[in-house]
Amino acid sequence: MPRPMSACDLAVSTSRRLAGRDLVMWDIGMIAIGVAFFATAIAYVKGCELLSIKEPTK
Amino acid sequence: MSANGWLQIGLFFALVLVSAKPLGVYMAKVFGREKTLFDVLARPVERLIYKLTGIDEAHEMKWTEYAIAMLVFSFVTMIVTYAIERLQHVLPLQGLLNPQGLANVEPALALNTAASFTTNTNWQSYVPEATMSYLTEMVTLAYHNFASAAVGMALAIAFVRGIAGREKKTLGNFWVDTTRATLWVLLPGSLILALVLVSQGVVQNFRPYDTVPLMQPFQAQVTGADGKTTTQTISTQTIGQGPVASQEAIKMLGTNGGGFFNANSAHPFENPNALTNFLEMFAIFVIPGALTITLGRMVKSPGHGWAVFAAMSALFFAGVLVSYWAESHGNPLLHNVNSTASAMQSGGNMEGKEVRFGIANSALFATATTDASCGAVNSMHDSFTPLGGIVPLVNILLGEIVFGGVGAGLYGMLIFVVVTVFIAGLMVGRTPEYLGKKIESYDVQMAMLYVLIFPFSVLLFAAVTVLMPNLGLSSLNNSGPHGLSELLYAYASATGNNGSAFAGLNANTHWYNLSITVAMLVGRFLMIVPMLAVAGNLAQKKLVPPSAGTFPVNTPLFTVLLVGVILIVGALTFFPALALGPILEHLQMLAGVSY
């Protein structure tokens, strides 16, 4: 029995059909760059916030 | 230089000066949620937007929440833009919205463009009229022209609230500030400007491109898809069309700068005459200039707003003076060419200039577009003399705080104000205070993080690119110091979110598309975060009553010190790179060597 199509497979096949060429791996790579940057930026917000917390005086 | 040229420059600045107060006061009312004449139209739309999106307009955000809302908003809109570019050839209504049948945009270029417009940079590694469909131009690029400018204004207002706040933990609401910036300022302003531009001949249509016969056919070497070069007789020309005026208005008013056509504001359909040229330059400065007055009003120190305006004005005039002088004197190596003024041209270095506008308006446009983070051009910066070309480059390298981008210029300048107040405090040996707020170590740490990220990105990417002959240097059209200027300018323009190109560089390669993408994202978002951290920290502080040791920030002395700090920081950081680029090129030009 064939394996049911996962959401990821569906996204890849739909993208291939729409884009009309086999560049889906590039698309995944480009989106990964965007996701990685903005995830880093949100971590950076948290890092800057942590820096503002003053250490308790001994 | 001519009296006529200076008269035009003076008239331009006078209009910016006169409009600053009324617009600045209006924007203070808009962001302070005071009553304005425009409420009757904008308020119902605003309420509807909040109702549809579930935004609670009474909710106040801490700086971290404000920053994360801005990041999430930018990420989502960037990815949607990427998707539309990648699918523009298969989306509906091709006949109307893609009459030229333009193909889907390649992945690296699509990401570069999506990041470019999301960050208000509008760097264009492509020929717009041969790459982007009308749908992509209107739904994604024009949308970002509004959204990125509104985000910039919202962030500047958040910083001002941080200065004005008294023991508060919040900076306002990102969604409300962005919505109000769009509905009350950018939309009405660009609607009026677009109608004026249409009345002057800027096109606004959905027609396919025209093909017209040339009056003088000519022969040219044409390289085909198979790589073979043949000589062909060119007897027709394709003339681009499209919804240009609507894009042009917000392109200038939002200091975005991305042209509908590759020639940008040198194209007669984007900038048909001297009046549109004047209005487009004015549109670059009008909001950033007025925001200084908004600052003065919101912090209840109008004199401080004017002191910041004066510092920006001094740096603006210094830039336009050098640029106009250098271009008027022309290139000494062309001593055999008659470059004196005539009925057809204004004399001096006319290479790369639009003859309709001449040198004064080219120097003024180049200065204004790089003082602000606009990036629109009406002349070719690559063709400027070395000293003429150093002005746009230095303007960007100073952080585009001379009026600056919409919002971004003000918060960039305010970071320099914090640094200036800190240095003034060190000079007299007292704890620095800024409008009654003590500037402490965390504020200075975050301010310096903001200041250092910019040169880190520019110099690192430029250095790495210089070291890669196949990926980096092979894209350059010029060698020597001029080539270095082209490369340095590209990464300065990207990190500074300016978007103008020095030109002479083929940036549509995987290396440039991806490295410039990262530079644009770093220059926008990694600088905004420490800026908001300073704002959030300032907002929490108690007000300290002024004393004999308080450094007043509304005096000429403050303005002079602020200008000095900006120049020293810029000079110390970038002087070595400038010495190897335009300064060396100038000295070699005097010695008879060109590149």
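Predicted model: local features only at pLDDT ≥ 70, side-chain atom pairs only at ≥ 80, totals over all residues.
**Exercise 1.** Which residue in β2(B) does B:Val212 stand opposite?

*Solution.* Strand β1 of chain B covers residues 210-223, strand β2 of chain B covers residues 229-239, and the two pair in the antiparallel sense over ten bridges. Within β2(B), the residue that stands opposite B:Val212 is B:Gln237. The hairpin of these strands has five residues between them, and in this hairpin B:Gly227 takes a positive phi near 85 degrees.

**Exercise 2.** Decide whether the rings of B:Phe13 and B:Phe316 are stacked or edge-to-face, and find which helices they belong to.

*Solution.* A search of the whole structure finds 29 aromatic pairs over all chains. For this pair, the ring centres lie 6.0 Å apart and the planes stand at 15 degrees, so the pair is stacked, given that planes under 30 degrees apart count as stacked. B:Phe13 lies in helix α1 (residues 3-31) of chain B and B:Phe316 in helix α11 (residues 302-329) of chain B, so the pair ties together parts that are 303 residues apart in sequence. With a relative accessibility of 11%, B:Phe13 counts as buried, and B:Phe316, at 0%, counts as buried. Both residues belong to one aromatic cluster, whose members include B:Phe12, B:Trp306 and B:Phe403.

**Exercise 3.** Classify the pair of B:Phe454 and B:Phe574 from the angle between the ring planes.

*Solution.* The ring centres are 6.0 Å apart and the planes stand at 70 degrees, so the pair is edge-to-face, because planes over 60 degrees apart are given that name. The pair links distant parts of the chain, with B:Phe454 in helix α15 (residues 441-466) of chain B and B:Phe574 in helix α18 (residues 556-590) of chain B, 120 residues apart. B:Phe454 counts as buried at 5% relative accessibility, and B:Phe574 counts as buried at 3%.

**Exercise 4.** Which ring does the charged end of B:Arg180 sit over?

*Solution.* The charged end of B:Arg180 sits over the ring of B:Trp184, 4.1 Å from its centre. Likewise, B:Lys353 lies over the face of B:Phe384, at 4.2 Å from the ring centre.

Notes
Residues numbered from 1 in each chain as written. Chains lettered and ligands numbered in written order. Heavy atoms only, no water. Phe/Tyr/Trp six-rings, centres within 6.5 Å; stacked < 30°, edge-to-face > 60°. Helix = DSSP H or I, 4+ residues; strand = E, 2+ residues; numbered from the N terminus. Buried < 20%, exposed > 50% of the residue type's maximum accessible area, 1.4 Å probe, protein only. Lys NZ or Arg CZ within 6 Å of the ring centre and 35° of its normal. Pairing = 2+ DSSP bridges.
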